[in-house]
Amino acid sequence: MYTPLQLAEAYLQTGELEAALEALNTHLGDFPNDDYARRLRIHVLIDMPGGLDAALADLDGLIMPTGSDAGLRGCVLMKMGDYPGAASAFAQAWQHYPTLYAETYARVLLRLGDSEQALRALAVLPPTWQWHSWNADIYDLRGEFQKAVEHYTAALDGLTSAMAEADEPRLLDAMRANELIKRGNALMRVGQFADADADYAAAAGIVPDDAAIPFNRGLTYLLRGDFERALRLCREAWSRANEGLREQMRVELAADPRYHALAEALLGGSSDYLHPRP
């Protein structure tokens with residue numbers, strides 16, 4: 001005859017969560033100090049509707065909690081929307097297993113606006129192209145655009161190496177295009193308009209259907225004094241853009257006085273761009 005714990009393990013193998021939970025409840029009723037069974041129940045509760053509070057109570061009931069349990073607590077609190085609590089839990093997990101929890105911890109910290117600690121959390125990871133990309137994104141958020149450019153450049157170099165070794169390098173094309181666009185945006189912020197345009201043009205060669213790219217290229221030409229080419233590119237982008245992207249264009253044009261003359265020409269003399277839709 002099988003024990004309740006053995007039944008629970010069997011039910012988990014077949015994905016029968018309610019039956020597993022019932023068996024675990026029976027087992028823990030008899031053996032309340034069994035941390036192994038309690039952890040199984042935590043995982044079951046996390047995947048069940050309305051189970052997060054009970055999962056948190058089980059985490060509090062562990063006799064010998066570990067660093068992994070702190071990470072699990074962070075996941076539960078994040079699902080509950082308690083990001084400060086999740087950050088505290090992931091900080092403990094990160095102390096025990098820094099490379100395992102660095103990315104998740106950093107994402108929660110960024111949600112809370114703590115970019116400095118997010119950079120420290122990521123510093124334990126090896127400098128892969130993804131690591132450089134994460135760091136670049138953080139420096140971009142901090143307004144440190146030159147550092148962002150340096151990290152995006154390192155990310156692109158690493159991605160080029162990864163593509164050379166990949167069996168299907170085209171699977172990485174979209175990632176390369178994304179990094180080129182982000183570096184182009186950062187280059188715009190440091191006034192390197194020609195270099196930004198080169199990145200946008202390279203990205204367009206990979207994702208030619210992205211209507212935001214000719215818009216961005218148009219802005220680089222505007223800032224280099226070529227109004228006619230800027231207008232031509234932005235009209236191309238506008239004609240291809242959906243309404244959501246058009247609204248983003250309106251917002252960007254309204255935000256910078258250098259773009260107002262272009263906006264008037266693009267929108268047929270309308271001043272609506274100065275008051276983006278709510």
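## Burial of Glu 179

A residue counts as buried when its relative accessible area is under 20%. In this predicted model, Glu 179 has a relative accessibility of 3%, so it counts as buried.

Glu 179 belongs to helix α11, which covers residues 173–189.

## Surroundings of Glu 179

The side chain of Glu 179 makes a polar contact of 2.8 Å with the side chain of Ser 133.

## Fold and overall dimensions

The chain is built with 16 helices and has zero strands. Its radius of gyration is 26 Å, well over the 19 Å given by the globule rule for 278 residues, so the chain is more spread out than a compact globule. The C-alpha trace spans about 80 × 40 × 35 Å along the principal axes of the chain.

Of the contacts between residues at least 6 apart in sequence, 43% link residues at least 24 apart.

## Burial, surface and charge

Of the 278 residues in the chain, 42% are buried, and Glu 179 is one that counts as buried. The chain exposes about 14,800 Å², and 53% of this area is supplied by carbon and sulfur atoms.

The chain carries 25 positive and 40 negative charges.

Technical notes:
Residues are numbered from 1 along each chain as its sequence is written. This is a predicted model: local features need pLDDT of at least 70, side-chain atom pairs count only at pLDDT 80 or more; totals for chains, interfaces and linings use all residues. Side-chain values use heavy atoms; hydrogens and water are left out. Helices (H or I, at least four residues) and strands (E, at least two) are DSSP runs, numbered from the N terminus. The radius of gyration is taken over C-alpha atoms; the globule rule is 2.2 Å times the number of residues to the power 0.38. Buried means under 20% relative accessible area, exposed over 50%, partly exposed in between (1.4 Å probe, protein chains only). Contact means heavy atoms within 4.5 Å. Accessible areas come from the Shrake-Rupley method with a 1.4 Å probe; for residues, only the protein chains shown count as cover. Lys and Arg count as positive and Asp and Glu as negative; His and the chain ends are not counted. The place of a charge is taken as NZ of Lys, CZ of Arg, CG of Asp or CD of Glu. A polar contact is a pair of N or O atoms within 3.5 Å; within protein, one must be able to donate a hydrogen and the other to accept it, and residues adjacent in sequence count only if both atoms are side-chain atoms.
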